[in-house]
Amino acid sequence: MTRIRAAVLGSPIEHSLSPVLHRAAYRELGLDDWSYDRFEVDEAALPGFVAGLGPEWAGLSLTMPLKRAIIPLLDGVSDTAASVEAVNTIVLTRDGRRLGDNTDIPGIVAALHERGVEKVPSAAILGAGATASSALAALSRICTGEVTAYVRSSARADEMRQWGERLGVAVRTADWSEAAAALQAPLVIATTPAGATDELAAAVPAGPGTLFDVLYDPWPTALAAAWSQRGGTLLGGLDLLVHQAVLQVEQMTGRSPAPLEVMRRAGLAALSGAH
């Protein structure tokens, strides 16, 4: 039996849940000849790894720091990925082309839709890194008004305003010292590293709106726990991970729909087993 291969690349990569999610999907779909692995690959090693891919390869998932570094190595990039200059999905076609896409953006939108959040009049983003640009692109699809980004430096503020102009979103920036004000927004997307929002937990208002905190380990964050206690709608990093992985499985395998609930249960089991 000829095996068909897929994998996730990045550095560091050892804690990636992608293999758990994709393998669960393959089992459910009866794709017994498919395998999905993880490889520690940094920016310097990326060109060599991609050049060495044979015809048995169907696709790759990419995490940091490779989402921009991969673009010059591709034959085509979707409009979605081009909008934020970040690729997290590569489909390797039978005629040898390497096509890049970004499933983080529609993954955020799909996760919010699942919780009944389809349109919001305004929103707030905590942070201004690579995930924040994807969050801003997602908000361009569901936010009808202004997005306020809370950042730690003027350079980051400039970047977020530039992303807003590019994506057609009205972006206002505010200093991180004012971040507690973000929690009044109907939708808050937290894109910061672990621990960065802990100081905001005490500021969660009564009857908050929706918080999408993209972390999944540790979970819940202090902010997420406080949000849930006060009755707000809460989404976490696993929601994003599962929804973007569903889209990856569908693109790489050509099978649709991917088994969302099976993948979610596999992810939850892996996280609970890791603690």
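## Helices α4 and α5

A crossing of two helices is called right-handed if the near helix is turned clockwise from the far one by less than a right angle, and left-handed if anticlockwise. In this predicted model, helices α4 and α5 cross in the right-handed sense. The contact involves D104, I105, P106, I108, V109, L112 and H113 on the α4 side, and S134, A135, A137, A138, R141 and I142 on the α5 side. By type, the residues of this contact are nine nonpolar, two polar and two charged.

Two packed helices are described by the angle between their axes and the distance between the axes. Helix α4 covers residues 104-114 and helix α5 covers residues 130-142; their axes lie 8 Å apart, at an angle of about 55°. The two helices are therefore oblique to each other, because an angle counts as roughly parallel only under 35 degrees and as roughly perpendicular only from 65 to 115.

## Helices α1 and α8

A second pair is formed by helix α1 (residues 18-29) and helix α8 (residues 237-253), whose axes come within 10 Å and cross at roughly 50°. That angle makes α1 oblique to α8. The crossing of α1 with α8 is right-handed.

Which residues of α1 meet α8? They are L21, H22, A25, Y26 and L29, and they meet L241, V242, A245, Q248, V249, M252 and T253 in α8. The residues of this contact comprise nine nonpolar and three polar, with no charged ones.

## The chain as a whole

The protein chain contains nine helices and twelve strands. Its C-alpha atoms fill a box of roughly 60 × 35 × 30 Å along the principal axes. For 275 residues, a compact globule would have a radius of gyration near 19 Å, and the chain agrees with this at 19 Å.

Of the 275 residues, 52% are buried. Consider also the contacts between residues at least 6 apart in sequence: 64% of them join residues at least 24 apart.

## Residue A222

A222 belongs to helix α7, which covers residues 222-229. Is A222 buried, partly exposed or exposed? Its relative accessible area is 34%, so A222 is partly exposed; buried would mean under 20%, and exposed over 50%.

Leaving aside neighbours within four places in sequence, A222 is in contact with D198 and A201. A222 and D101 are 121 residues apart in sequence, and their C-alpha atoms are 33 Å apart in space.

Technical notes
Residues numbered from 1 in each chain as written. Predicted model: local features only at pLDDT ≥ 70, side-chain atom pairs only at ≥ 80, totals over all residues. Heavy atoms only, no water. Axes fitted to C-alpha atoms, helices over the stretch in contact; angles between N-to-C directions. Helix = DSSP H or I, 4+ residues; strand = E, 2+ residues; numbered from the N terminus. Parallel < 35°, antiparallel > 145°, perpendicular 65-115°, else oblique. Contact = heavy atoms within 4.5 Å. Nonpolar A, V, L, I, M, F, W, Y, C, P; charged D, E, K, R; others polar. Rg over C-alpha atoms; globule rule 2.2 N^0.38 Å. Buried < 20%, exposed > 50% of the residue type's maximum accessible area, 1.4 Å probe, protein only.
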